[in-house]
Amino acid sequence: MLFLVAALLLLGFALGTVAHAPLSFTLVAAAVIGVWLAVFAVRERHGRRHQS
């Protein structure tokens, strides 16, 4: 339960920060995070395919 409360507090802090940031900064940050997640997914898929 404490983990859930901490996660919700962090989410609220992040959303509050995004609400006050300029739109261009928010879009650039979202693009960077999206690319990072895509690279991570490709690396994970590639690693699991060659591991077995």
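Analyst: Happy to! A patch here is made of residues with over 30% relative accessible area and no salt bridge, and nonpolar side chains are joined within 5 Å. Please keep in mind that this is a predicted model.

On the surface, such a nonpolar patch is formed by Met1, Leu2, Leu4, Val5, Leu8, Leu9, Leu11 and Leu15. Together these residues have about 900 Å² of accessible area. One of them, Leu4, lies in helix H1, which covers residues 2–20.

Now for the surroundings. The chain has two helices and zero strands. Its radius of gyration is 16 Å, well over the 10 Å given by the globule rule for 52 residues, so the chain is more spread out than a compact globule. The C-alpha trace spans about 45 × 35 × 5 Å along its principal axes. Buried residues make up 0% of the 52 residues. The chain exposes about 5,000 Å², with 77% of that supplied by carbon and sulfur atoms.

The other helix to visit is H2, residues 23–51, where valine 39 has its place. Valine 39 counts as partly exposed because its relative accessibility is 44%. From valine 39 to arginine 49 is ten residues in sequence and 15 Å in space, C-alpha to C-alpha.

Methods:
Residues numbered from 1 in each chain as written. Predicted model: local features only at pLDDT ≥ 70, side-chain atom pairs only at ≥ 80, totals over all residues. Heavy atoms only, no water. Helix = DSSP H or I, 4+ residues; strand = E, 2+ residues; numbered from the N terminus. Rg over C-alpha atoms; globule rule 2.2 N^0.38 Å. Buried < 20%, exposed > 50% of the residue type's maximum accessible area, 1.4 Å probe, protein only. Areas by Shrake-Rupley, 256 points an atom, 1.4 Å probe, with all protein chains shown as cover. Patch = residues over 30% accessible without salt bridge, like charges linked within 9 Å, V, L, I, M, F, W, Y side chains within 5 Å. Salt bridge = Lys/Arg side-chain N within 4 Å of Asp/Glu carboxyl O.
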